[in-house]
Amino acid sequence: MAETENQTQRGGNTLFSPYKLGNFNLSHRVVLAPMTRCRALNGIPQEAHAEYYSQRSTPGGFLISEGTSISPTAAGFPHVPGIYTEEQVEAWRSVVDAVHAKGSIFFCQLWHVGRASHSVYQPGGAAPISSTNKALSDRWKVLLPDGSHAAYQEPRSLNSSEIQEIVEHYRQSAINAIRAGFDGIEIHAAHGYLIDQFLKDGINDRTDEYGGSLTNRLRFLIQVVQAAVSGIGAGRVAVRIAPAIDHLDAVDSNSLGLGLAVIERLNNLQNNLGRKLAYLHVTQPRFALYIKAESDKPGTEAEQANLIRTLRKAYQGTFMSSGGFTRELGIEDVAQGDTDLVSYGRLFISNPDLVLRFKLNAPLNKYNRETFYTHDPVIGYTDYPFLNISSGTQQEPTSLL
């Protein structure tokens, strides 16, 4: 395979090297990963969102928003933001403005959880929708609005005639994101959510044109990507996949084959368009260890790393990795050419100045898992201390708005 423009950038790069991402010029490769934080009361981004994302912005930095619902049926957590109403679009605009004021690039992750929901989140108390009517196993519990956990309910399998409506929701949400000022969107096709429920043969039991063969199981994802591209252009559209992750029972009998099939279709799409997508975001298998879920996937860490390396070599464009990365692992993967960009989640929650701390190899704040999904606009959200460079100590955050 001929080297792409971005593949020629690999030699001698570090986590802090600049990177040309389509029309965007990044000053480093440390990316804020999309993370659900449950602070968008009634689905509306708040003033606290502007401070939270602004705190984590740097000149030439790259941020991805938390998963953002594309429709009223898309949510599976309390108080997650949406991007399908005018009120939501307007609320996001102030958040995006705060990020841009710090010089960062900001993508919105478009999300539909599918069967990973509950009737309490669905219009009229209906059943969640999915590729299947099989419920999640008892291994997993859904977080309810009152903070308790419950078993996932049996979903309703979408009729093939209904799927185009969901595709249109993705297209319109992509347009809405650009209207709100975002620089682009990331389609969440990973971690056991709706698109992954079509991709994985351990979930998808359909017998129509969206089930069975790899070509059929990929159909929904490719239609969503094409719809988003038609709405906002290829350079503003990214895709996230996790072929080797079994989160929320998202198991496939051939993870490598699935990943390569997705990449082949995306490469073909890019070639037909004559334009690259923004990037492909792939979660490392070790991510499972960080969500305290036992992985069904056999093989050593070296074998799992080889799976990701194979996908990286196959994809003709910018490759972003995530999942349990430390500073050292990020530096190593970029230096070896195993990835172009690295997204960080939990470390970025507790270290708003993570890029600076990484550059200085400074100590990191420890995160408090108990406050990940609370609804407080400050505690566990915008109150993690910054590094005081002059004294080498921590300093409490101040409003950056």
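Modeller: We can go through a helix pair, the nonpolar cores and one proline. This is a predicted model, where local features need pLDDT of at least 70, side-chain atom pairs count only at pLDDT 80 or more, and totals for chains, interfaces and linings use all residues. Residues are numbered from 1 along each chain as its sequence is written, and side-chain values use heavy atoms, with hydrogens and water left out.

Colleague: At what angle do α3 and α5 pack?

Modeller: About 35°, with the axes of α3 (residues 160–179) and α5 (residues 214–232) 8 Å apart. Axes are lines fitted to C-alpha atoms over the stretch in contact, and angles run from 0 to 180 degrees between N-to-C directions. Helices are DSSP runs (H or I, at least four residues), numbered from the N terminus.

Colleague: Which residues make the contact?

Modeller: Among them are I163, V167 and Y170 of α3 and F220, V224 and A227 of α5. Contact means heavy atoms within 4.5 Å.

Colleague: And the largest nonpolar core, how many residues does it have?

Modeller: It has 81, and I185, F220 and Y344 have the most contacts inside it. Such a core is a set of buried Ala, Val, Leu, Ile, Met, Phe, Trp, Tyr and Cys residues joined through side-chain atoms within 4.5 Å. α5 gives the most to this core, with 10 residues.

Colleague: What does I185 touch?

Modeller: Its partners include F107, A174, A228 and I232, not counting residues up to four places away in sequence.

Colleague: New topic: is P18 buried or exposed?

Modeller: P18 counts as exposed because its relative accessibility is 55%. Buried means under 20% relative accessible area, exposed over 50%, partly exposed in between (1.4 Å probe, protein chains only).

How values were computed:
Helices (H or I, at least four residues) and strands (E, at least two) are DSSP runs, numbered from the N terminus.
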